[in-house]
There are 2 protein chains.
Amino acid sequence: MTSVQIVAGGAGFIGANLVRRLLEENGVLVVLDDFSRGRREYVHGLADSDRLVVRECDLAQRSEVQAAFADAARRGTVAEVWHLAANSDIPAGVENPDIDLRGTFLTTFEILRAMRAFSVPTLHFASSSAIYGDLGSAVLHESIGPLLPVSNYGAMKLASEAQSCAAAEAYLGRVNIFRFPNVVGVPATHGVILDFTRKLLQDGSVLHVLGDGTQQKAYLHVFDLVGAMLAIRRREIVGKVEVVNIGPVDDGVSVRWIAEQVVQRVSPNARIAFGQGNRGWVGDVPKFTYSTARLQSYGWAPALDSRTAVRRAIDEIATQHGL
Amino acid sequence: MTSVQIVAGGAGFIGANLVRRLLEENGVLVVLDDFSRGRREYVHGLADSDRLVVRECDLAQRSEVQAAFADAARRGTVAEVWHLAANSDIPAGVENPDIDLRGTFLTTFEILRAMRAFSVPTLHFASSSAIYGDLGSAVLHESIGPLLPVSNYGAMKLASEAQSCAAAEAYLGRVNIFRFPNVVGVPATHGVILDFTRKLLQDGSVLHVLGDGTQQKAYLHVFDLVGAMLAIRRREIVGKVEVVNIGPVDDGVSVRWIAEQVVQRVSPNARIAFGQGNRGWVGDVPKFTYSTARLQSYGWAPALDSRTAVRRAIDEIATQHGL
C-alpha cells in the first residue's frame with residue numbers, strides 16, 4: 001500500500017524545505033497548513049498532485065484535523081507525521097498567551113489525538129531551544145534541568161514535548177523531538193535577517209536595532225537542519241522517545257555582526273542605530289551555549305557554521321526581495 | 001489594606017489541609033473550587049465568612065476565573081495565589097486527554113491570565129513528580145533532564161510549570177513550583193489507600209490489586225507537605241522562580257506492603273489477589289528515586305517517613321469511613 005507522510009506546517013519556512021527533501025522518497029506527502037505564515041506558492045508545483053497534496057487546515061481545530069487525517073488515510077498508510085506548525089511570533093505570544101496556546105500547543109494536542117484515532121505510529125516534532133529558558137552560563141545539553149522557559153512560545157513547545165512523550169507511552173511507536181536552534185534560509189517568513197532587510201527596504205539610510213546588538217546566538221542553515229532531522233529519523237533507538245538538540249557547533253554570532261552584514265548586502269551606506277540592553281524583547285534570551293554534542297556523536301556535522309549560514313541566508317533573502 | 005490569598009482547588013484533599021494552616025495567619029482566604037473532587041464540608045466552618053470565602057468556580061473557564069478574582073480584589077489586596085486545582089484521576093486523563101488539558105493545564109493558564117489582569121505577584125504552584133516520567137534508575141533531582149512524562153497528567157503539570165515560568169519573566173514577582181510526591185492523609189478524595197479501603201468495604205473477603213504489588217513509591221503525609229510548602233514560601237531566592245521536589249527522605253514502600261496494612265486495619269481476614277506486571281496502569285511509573293536533597297538543604301525534614309505516613313493515613317481514612 002502507498003506510504004503517506006503528513007507534514008503539518010509544511011508550507012512554512014522549514015516545512016517547505018523539508019517537503020522538497022521528502023519528495024525524493026517514494027510515497028505521498030500531505031501538507032497541512034493554515035497559511036498564516038506559510039504560503040501555497042512555497043510548495044506549489046514541487047510534484048504532481050497525486051504525490052503532493054496541499055490542504056488548508058487549522059491544526060488547532062479538532063474537526064479539521066480529523067478530516068484531514070481521514071483524507072490522508074484514504075490515500076494510503078499514514079506512517080509518519082512531521083509537526084512543524086507553530087506560532088512563530090514570540091513577542092506576540094508573550095503579549096497574548098492565547099496565540100501560543102492555540103498555535104503552538106493545541107496544534108500538537110489535536111495532531112496527537114488524530115494520530116491515535118488513525119493509528120499513525122511515528123511523530124517527528126519540531127521543538128525549540130526556547131524550552132531551556134535562561135539558564136545563565138550553563139551549557140544547554142539534553143540532560144539539563146530545570147526547564148524554565150521565559151516565553152509562552154517556549155512554554156508551549158515544552159508542553160508539546162511533554163504531551164508527545166505521554167502519547168508515546170500510551171499509543172505511539174516512536175517520537176523524535178528535535179530542539180531547533182535559530183534557523184536561517186529561504187523562503188524566510190520571520191526572523192532577524194528578514195526584519196533587518198525589510199527595515200532597510202523601507203528606509204535605506206538607517207537600521208534601528210532592538211537592544212544593544214551584543215545578543216549572541218548560533219544559527220543553522222535550513223539545509224543543515226533538514227539533514228539533521230533525516231539523520232535522527234534514520235537512527236535506531238532503545239526507547240520510544242528521542243530528544244536531540246540540533247544546531248551548529250560554534251558559539252554563534254552577535255546581532256551587531258548580523259546587522260552589519262545585512263547593511264553591507266542591502267544598503268551599504270546605512271547607519272546602524274542600536275537600542276539599550278541586551279534583550280530585544282521580554283522572553284528573549286541574550287546569550288546561551290547550546291550543546292549539540294549528542295547529535296555530533298551520531299556522526300552528523302553541519303556543512304555551514306553560524307557565520308556562513310547567516311551570510312548565505314542574507315544573500316538568499318536579499319535575492320528573494322529582488323535585490 | 002486587608003491581605004487576600006486565593007486557594008484554587010482549596011476544597012480538595014491537600015487544599016483543605018493548606019487552608020487550615022493558612023487560617024492561622026491574618027487576612028482573608030478565598031477558596032475557589034469546582035467541587036468535582038473537593039467538597040464544601042472539607043472547609044466549611046473553619047472560619048467566619050469574613051475571613052474565609054468559599055466560592056464555586058470552574059477554573060478552566062475564563063469568565064468565571066476573572067469574576068472570582070474581581071470579587072477577591074474587592075476584599076483587599078490579593079497578594080498570593082495557591083494553585084492546587086487539577087484532575088487527579090491519572091488513568092482517566094490517559095484515556096481522554098481533554099480531561100488533563102482542561103483540569104490540569106487550562107486551570108493554570110486561566111489563573112495566570114487573571115493574576116496578570118489583577119496584578120497578583122506571587123504564585124505557589126502544586127506540580128508533581130510525574131513531570132519526570134520514567135527515567136529508569138536515575139535519581140530524580142531538580143536539575144535532571146530530559147523531562148519525559150508518561151501520563152497526560154504529568155505532561156500538563158509540566159506545561160503548567162513552563163507557562164508559570166514564562167509568566168514570571170513577563171509579569172509575576174515570584175513563582176514557587178512544588179513538585180509533590182504521593183501524598184496521603186485525610187480528607188482522602190483519591191489514591192491507593194482510599195481505593196483499597198473502598199474495595200474492602202464492598203467485599204471484605206478479598207482485595208484485588210492492580211499489578212504484582214512490587215511497585216515502590218515514597219509517600220508524604222499531607223501534614224508534612226503543607227509544612228514544606230510554607231517553608232519554601234518563607235525562603236528568599238535570587239531569581240523569580242523556585243523549583244523544589246517535596247517528599248520524604250526514604251525510598252518508600254511497596255504496593256504489597258500498603259495492601260497488607262490496609263487489610264490489617266480494615267478487614268484482617270481478607271485475601272490479597274495480585275495482578276500481573278509492575279505497572280498498575282499506562283502512565284504509572286513502577287519505581288523511582290526521588291531526591292529531596294535541595295529541600296533538606298533548606299533545613300526542612302519531614303516528621304513522618306513513608307511507612308509512618310502511610311500507616312497514619314490508613315488509620316485516618318478508616319476512621320473517615322466510620323471504622
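Modeller: A definition to start: two residues are in contact if their C-beta atoms, placed from the backbone, lie within 7 Å. Note also that this is a predicted model.

Biologist: With that cut-off, which residues does Y153(B) touch, leaving out residues up to four places away in sequence?
Modeller: Y153(B) sits in helix 6 (residues 152–170) of chain B. Contacts up to four places away in sequence are not counted. What remains is N87(B), I90(B), G93(B), D100(B), T104(B) and A130(B).

Biologist: How far apart in space are Y153(B) and H321(B)?
Modeller: In sequence, 168 residues separate Y153(B) and H321(B). In space, C-alpha to C-alpha, the distance is 28 Å.

Biologist: Turn to chain A. What radius of gyration does chain A have, and what would a compact globule have?
Modeller: Chain A has 323 residues, and a compact globule of that length would come out near 20 Å. The C-alpha trace spans about 60 × 45 × 40 Å along its principal axes. The radius of gyration of chain A agrees with the globule value, at 19 Å.

Biologist: What share of the contacts in chain A joins residues at least 24 apart?
Modeller: Chain A holds 10 helices and 15 strands. Of its residues, 53% count as buried. Take the contacts between residues at least 6 apart in sequence; the share that joins residues at least 24 apart is 81%.

Biologist: What is the strand order of the open sheet in chain A?
Modeller: This sheet has seven strands, with parallel pairing. Its edge strands are strand 3 (52–56) and strand 12 of chain A, each pairing on one side only. Neighbouring strands are turned by 15° against each other on average, direction ignored. The order is 3-2-1-4-5-7-12.

Biologist: Which residue is the bridge partner of H124(A)?
Modeller: Strand 5 (residues 122–128) and strand 7 (residues 174–180) of chain A pair in the parallel sense, over seven bridges. The partner of H124(A) lies in strand 7 of chain A. That partner is N176(A).

Biologist: At what angle to strand 4 of chain A does helix 4 of chain A run?
Modeller: Helix 2 (residues 62–74) of chain A lies across strands 1, 2, 3 and 4 of that chain, at about 135° to strand 4. Helix 4 of chain A lies across strand 1, strand 4 and strand 5 of chain A. Its angle to strand 4 of chain A is about 170°.

Biologist: Which element gives the largest share of the side of chain A that touches chain B?
Modeller: The contact takes 31 residues from chain A and 31 residues from chain B. Helix 4 (97–117), helix 5 (152–170) and strand 12 (241–245) of chain A each give two or more residues to the chain A side. That side divides into 20 nonpolar, eight polar and three charged residues. The largest share, 11 residues, comes from helix 5 of chain A.

Biologist: How far apart are the C-alpha centres of domain 1 and domain 2 of chain A?
Modeller: The domain assignment gives domain 1 (3–183 + 220–245) and domain 2 (190–218 + 249–287 + 303–320). The C-alpha centres of these domains of chain A are separated by 27 Å.

Biologist: Which element supplies the largest share of the side of domain 1 of chain A that touches domain 2 of chain A?
Modeller: This contact takes 15 residues from domain 1 of chain A and 12 residues from domain 2 of chain A. Helix 3 (90–95), strand 11 (219–221) and helix 7 (222–234) of chain A each supply at least two residues of the domain 1 side. The largest share, three residues, comes from helix 3 of chain A.

Biologist: Back to chain B. Which side chains of strand 9 of chain B point to one face and are buried?
Modeller: Strand 9 (residues 206–209) of chain B runs parallel to strand 14 (residues 271–274) of chain B, joined by four bridges. Side chains alternate along strand 9 of chain B.

Definitions and conventions: Residues numbered from 1 in each chain as written. Chains lettered and ligands numbered in written order. Predicted model: local features only at pLDDT ≥ 70, side-chain atom pairs only at ≥ 80, totals over all residues. Rg over C-alpha atoms; globule rule 2.2 N^0.38 Å. Buried ≥ 20, exposed ≤ 12 C-beta atoms within 10 Å, placed from the backbone. Nonpolar A, V, L, I, M, F, W, Y, C, P; charged D, E, K, R; others polar. Pairing = 2+ DSSP bridges. Axes fitted to C-alpha atoms, helices over the stretch in contact; angles between N-to-C directions. Domains from an automatic or database assignment.
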